[in-house]
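Open your viewer, pick a cartoon display, and keep the selection box handy. We will take a short walk through one protein chain, stop by stop.

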Amino acid sequence: MWPDGADAGYVAARLRLAEAERRLCDQIEQVAAARRELPLGAPVADVALTEGPADLTAPGPLHPVRLSALFGAHRTLLVYHLMFHPDADAACPMCSMWVDGFHGVAHHLQQHTAFVVVGKAPAEKLRAWGARRGWAGLRLLSSHGTDFNADLRAEHPNGDQRPMVSVLVRDGDGVRHFYSQPANFVDGTERGIDLLSPVWNVLDLLPRGRGDWYAANTYPPVADPADRPV
């Protein structure tokens, strides 16, 4: 945990930190165990969401897909609720950062659970945004025109969208809710789903920490091939 030449002051401080890190790990495991013990929640309506071809640059055709059909061979379905209002021209930059991270590990997640990204924007907007972000291989579905977001409280009564993660469970022929966590905790503080993003975890390792940095849509999420070194 330190190179040769570290002084006694650094070693002592690092060992104290190591003890705190271990205590944090134990607490995270305890919370995860309590989460797994949650009973099944309310039934979820088997709504028809809208999806297009796997190639996000293809214009169509678009087709309805029932929520129950998204599980595939899995019993669970992980949903990231992308904050993308139907009238907006772009998705939330923080949500987009989270989906960037999920995109990189989706093939690992799919060994355990089905995974989809659902946004309220019309399918054409949602797919164009996914193509811009480089989300090839992810299933992007539009909930436009449905009550899916409202039913899961992934939007406020005024229609404002909420960034959130939900776990749904197949229960016989139906779908049940198991777990949801928005970006804010119940007391309104932020960082509700920060543990699901590698960005925050890495920034917390740096001397400056995360500070007040906020993701933006102004820098390219995928490098242009012309900018890559040969």
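**Stop 1**

Start by selecting R191, which lies in the loop between β8 and α5. Keep in mind as you look that this is a predicted model. The phi angle of R191 is near 80°, a positive value in a residue other than glycine. Is this arginine buried, partly exposed or exposed? R191 is partly exposed, with a relative accessible area of 47%.

Stay in this loop and select S197, which also sits between β8 (174-182) and α5 (198-203). With a relative accessible area of 1%, S197 is buried.

**Stop 1: the whole chain**

Now zoom out. The protein chain has 5 helices and 8 strands, and along the sequence they follow the pattern α-β-β-β-β-α-β-α-β-α-β-β-α. Taken along the principal axes, the C-alpha atoms fill a box of roughly 65 × 50 × 35 Å. Of the 230 residues, 36% count as buried.

If you color by charge, you will find 22 positive and 27 negative charges, whose mean positions are 3 Å apart. As for contacts between residues at least 6 apart in sequence, 61% join residues at least 24 apart.

**Stop 2: helix α3**

Select residues 123-133, which make up helix α3. Which of its residues are buried? They are A123, L126, R127, W129, G130 and R133. Look down the axis of α3: the buried residues fall within an arc of 160°, so they line one face of the helix.

Then step just past the end of α3 to G134, which takes a positive phi of about 80°.

**Stop 3: the cysteines**

How many disulfides does the structure hold? The count is 0. Select C92 and C95 to look at one pair of sulfurs. The cysteine sulfur closest to that of C92 is in C95, at 4.0 Å, which is too far for a bond; a disulfide would need the two sulfur atoms within 2.5 Å. C92 counts as buried, at 13% relative accessibility. Compare C25, which is partly exposed, with a relative accessible area of 37%.

**Stop 5**

The peptide bond from G60 to P61 is cis, with omega near 5°. P61 sits in the loop between β2 and β3 (63-66).

Finish at R153, in the loop between α4 (148-151) and β7 (164-171). Phi of R153 is near 60°, a positive value in a residue other than glycine. Buried or exposed? At 63% relative accessibility, R153 counts as exposed.

Conventions: Residues are numbered from 1 along each chain as its sequence is written. This is a predicted model: local features need pLDDT of at least 70, side-chain atom pairs count only at pLDDT 80 or more; totals for chains, interfaces and linings use all residues. Side-chain values use heavy atoms; hydrogens and water are left out. Buried means under 20% relative accessible area, exposed over 50%, partly exposed in between (1.4 Å probe, protein chains only). Helices (H or I, at least four residues) and strands (E, at least two) are DSSP runs, numbered from the N terminus. The arc is that of the directions from the helix axis to the C-beta atoms. Contact means heavy atoms within 4.5 Å. Lys and Arg count as positive and Asp and Glu as negative; His and the chain ends are not counted. The place of a charge is taken as NZ of Lys, CZ of Arg, CG of Asp or CD of Glu.
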